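Please look over the sequence and the three-dimensional model shown below before reading on. The paragraphs after them move from the whole chain to single residues.

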Amino acid sequence: MAEQQLTHIDENGDVRMVDVSDKDITKRVAVAEGFIAMQPETLELITSGHAAKGDVLACARVAGVMAAKKTSDLIPMCHPLPITKAKVDCTPVREGEREDGLVGIHVTTTCGVTGKTGIEMEALTAASIACLTVYDMCKAVDRGMEIMDVRLLKKDGGKTGLWERK
């Protein structure tokens with residue numbers, strides 16, 4: 001760990017975009033997740049299709065894909081990537097399905113690219129924005145919703161190869 005360096009910091013301590021021009025082009029995939037906890041009644045509104053703003057999960061899926069494509073506009077040192085895959089799944093989690101008893105929507109995102117740098121930020125951004133979209137569409141009935149557990153589950157490709165959360 002002591003030998004590792006932050007790649008976005010140069011020798012003077014200034015932030016920079018990493019030069020990837022000499023890196024090999026490889027297929028890269030990243031999977032991320034997030035969870036938005038809510039009241040059971042809010043989940044029922046979403047799953048029954050009675051949310052005032054429309055199909056919450058369809059909107060969250062589209063927002064996640066759009067966010068993946070715009071990640072470099074949001075994260076200053078992130079490279080713009082020609083994304084080859086962006087998928088967002090939103091799964092309702094009902095009472096008794098989680099050990100902690102929370103109810104809500106579990107978001108899983110998968111992003112891919114054939115390029116010189118990774119796709120982790122796009123997968124994480126997609127998961128975050130999908131959860132935020134659920135919040136936006138349901139905040140009128142449940143301002144206490146909580147976004148949590150946004151994290152990388154897997155990344156594959158590039159020089160470092162496969163990494164998976166244990």
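The model is a predicted one, in which local features need pLDDT of at least 70 and side-chain atom pairs count only at pLDDT 80 or more, while totals for chains, interfaces and linings use all residues. Residues are numbered from 1 along each chain as its sequence is written, and side-chain values use heavy atoms, with hydrogens and water left out.

The protein chain contains four helices and five strands, where helices (H or I, at least four residues) and strands (E, at least two) are DSSP runs numbered from the N terminus. Read from the N terminus on, these elements follow the order β-α-α-α-β-β-α-β-β. Taken along the principal axes, the box filled by the C-alpha atoms is roughly 50 × 30 × 30 Å.

Of the 166 residues in the protein chain, 37% are buried; here buried means under 20% relative accessible area, exposed means over 50%, and partly exposed covers what lies in between (1.4 Å probe, protein chains only). Among contacts (heavy atoms within 4.5 Å) with a separation of 6 or more, 73% join residues 24 or more positions apart.

Turning to charge, the chain carries 21 positive and 25 negative side chains, and the centres of the two sets are 5 Å apart. In this count Lys and Arg are positive and Asp and Glu negative, with His and the chain ends not counted, and each charge is placed at NZ of Lys, CZ of Arg, CG of Asp or CD of Glu.

Where does T71 lie? This residue is in helix α3, which spans residues 71–74, and T71 is buried because its relative accessible area is 1%. Leaving aside neighbours within four places in sequence, T71 is in contact with C78, M121, E122 and T125. T71 and I119 are 48 residues apart in sequence, and their C-alpha atoms are 9.7 Å apart in space.

R94 is placed in the loop between β2 (83–93) and β3 (103–115), and it counts as partly exposed because its relative accessibility is 39%. Beyond residues up to four places away in sequence, R94 touches L43, T47, L102 and V103, whereas the C-alpha atoms of R94 and T7, which are 87 residues apart along the chain, are separated by 41 Å.

K139 belongs to the loop between α4 (120–138) and β4 (146–156), and with a relative accessible area of 25% K139 is partly exposed. Its contacts, apart from neighbours within four places in sequence, are with K53 and M145, and 21 Å separates the C-alpha atoms of K139 and V88.

Finally, D149 is found in strand β4 and has a positive phi of about 55° although it is not a glycine. At 34% relative accessibility, D149 is partly exposed.
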